[in-house]
Amino acid sequence: MSTKVAVVTGSNKGIGLAIVQALCKQFDGDVYITSRDVGRGEEAVKTLNSEGLKPKFHQLDINDLNSIKNAAAYFKGKYGGVDILINNAGTAFKASDPTPFDVQAEVILTTNFFGTRGMSTHFLPMIRAGGRVVNISSMLSVTGLKQCSPELQQHFRSEDITEDELVALMRKFLDDAKKGEHKQHGWPDMAYSVSKIGVTVLSMIHARRLSKERPNDRILLNACCPGWVRTDLTSPDAPKSPDEGAITPVYLALLPPGAKEPQGKFLSDKEVQPW
């Protein structure tokens, strides 16, 4: 019986590190901290070692396709596949940040949407039967969806939307933002919301594909909101600790063998949310 393995992106700090910590206690297998920066990743391993936990580390920058490919090859070679993938890596700007909107949009979507998609492209084919995939989204995806034009809402709620169509919409948002025309084209005035709409819809598309192409493998793939959590991306006033933010992602990662649902849903506080 090969060793099971869980991979958490962007997990050297914040919610990602709290997810790794919880998995180390509850998951019977190897758990990997991954981060762009090797030093920070290794420091995070030492932090959890001091608590008697034994995570492993692998370098992974979701904005670098070669880094994704190298990591995929490593896990394929060492384990033959992956049992749990949590796409946690993401970025945001503070509300007070003076960076122009179009520049913020490019940075945020590159990581939150396109980086997550790159991970999915290279890791989903090697998720093993019974595997679990969790994409960290946000309730701001729901808020942002409601602020979209009726036409955009229809696209994002469609059960027939393809990955190519979703990518085209995300690129259109970036083009509209560069021209300063995103609001008049029906987009919300928050790039983070748009990026997380992309993550939520991508999750639904991928779950449908897995159910159709690998029905007997019973892989469950969902998106979730960890809640408003105190991290360096948010605010010290946020109500949840990173440990509390990890609860729903870990719940989805550890859905019991044979479970059939949730599948392709968006959850918050362990409850399926309307989309």
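1. Asn12 counts as buried, at 19% relative accessibility. The cut-off matters here: buried means under 20% relative accessible area. Asn12 sits in the loop between E1 and H1. Its C-alpha atom is 14 Å from that of Thr91, and the two residues are 79 apart along the chain. Keep in mind that this is a predicted model.

2. Now the core. The largest nonpolar core has 30 residues. Ile19, Leu23, Ile33, Ile86 and Val134 touch the most other members. Several elements give two or more residues to this core, among them strand E1 (5-8), helix H1 (14-26), strand E2 (30-35) and helix H2 (38-49). Strands E4 (82-87), E5 (127-136) and E6 (220-225) are also on that list, as is helix H10 (247-253). Which element gives the most to this core? It is H1, with 7 residues. As background, nonpolar side chains tend to be buried together in soluble globular proteins.

3. Next, Thr162. This residue lies in the loop between helix H6 (150-157) and H7. Thr162 is partly exposed, with a relative accessible area of 36%. Compare its position with that of Gly39. The two C-alpha atoms are separated by 39 Å, and the residues are 123 apart along the chain.

4. A patch of negative charge lies on the surface. Glu159, Asp160, Asp164 and Glu165 gather there. Take Asp164 as the example. Asp164 belongs to helix H7 (residues 163-178). At 59% relative accessibility, Asp164 counts as exposed, because exposed means over 50%.

5. Salt bridges come next. Side chains of opposite charge can pair when their charged atoms come close. How many salt bridges does a search of the whole structure find? The search finds 8.

6. One of them joins the side chains of Lys178 and Glu106, at 3.5 Å from N to O. Lys178 is in helix H7 and Glu106 is in helix H4 (residues 101-123), so the pair ties together parts that are 72 residues apart in sequence. Lys178 counts as exposed, at 51% relative accessibility. Glu106 counts as partly exposed, at 32%.

7. Helix H7 also holds the residues of another pair, Asp176 and Lys172. These two form a salt bridge, with the closest N and O atoms 2.7 Å apart. Why are they separated by about one helical turn? Because they are 4 residues apart in helix H7. Is Asp176 buried or exposed? Asp176 is buried, with a relative accessible area of 3%.

8. Asp217 counts as partly exposed, at 23% relative accessibility. Arg214 is also partly exposed, with a relative accessible area of 23%.

9. Last, a network. Which residues are linked in a network of salt bridges? They are Arg117, Glu163 and Arg209. Find these three in the structure above, then go back to Lys178 and Glu106, which meet in a salt bridge.

Note on methods:
Residues numbered from 1 in each chain as written. Predicted model: local features only at pLDDT ≥ 70, side-chain atom pairs only at ≥ 80, totals over all residues. Heavy atoms only, no water. Patch = residues over 30% accessible without salt bridge, like charges linked within 9 Å, V, L, I, M, F, W, Y side chains within 5 Å. Areas by Shrake-Rupley, 256 points an atom, 1.4 Å probe, with all protein chains shown as cover. Salt bridge = Lys/Arg side-chain N within 4 Å of Asp/Glu carboxyl O. Lys, Arg positive; Asp, Glu negative; His and termini not counted. Charge placed at Lys NZ, Arg CZ, Asp CG, Glu CD. Buried < 20%, exposed > 50% of the residue type's maximum accessible area, 1.4 Å probe, protein only. Core = buried A, V, L, I, M, F, W, Y, C linked by side-chain atoms within 4.5 Å.
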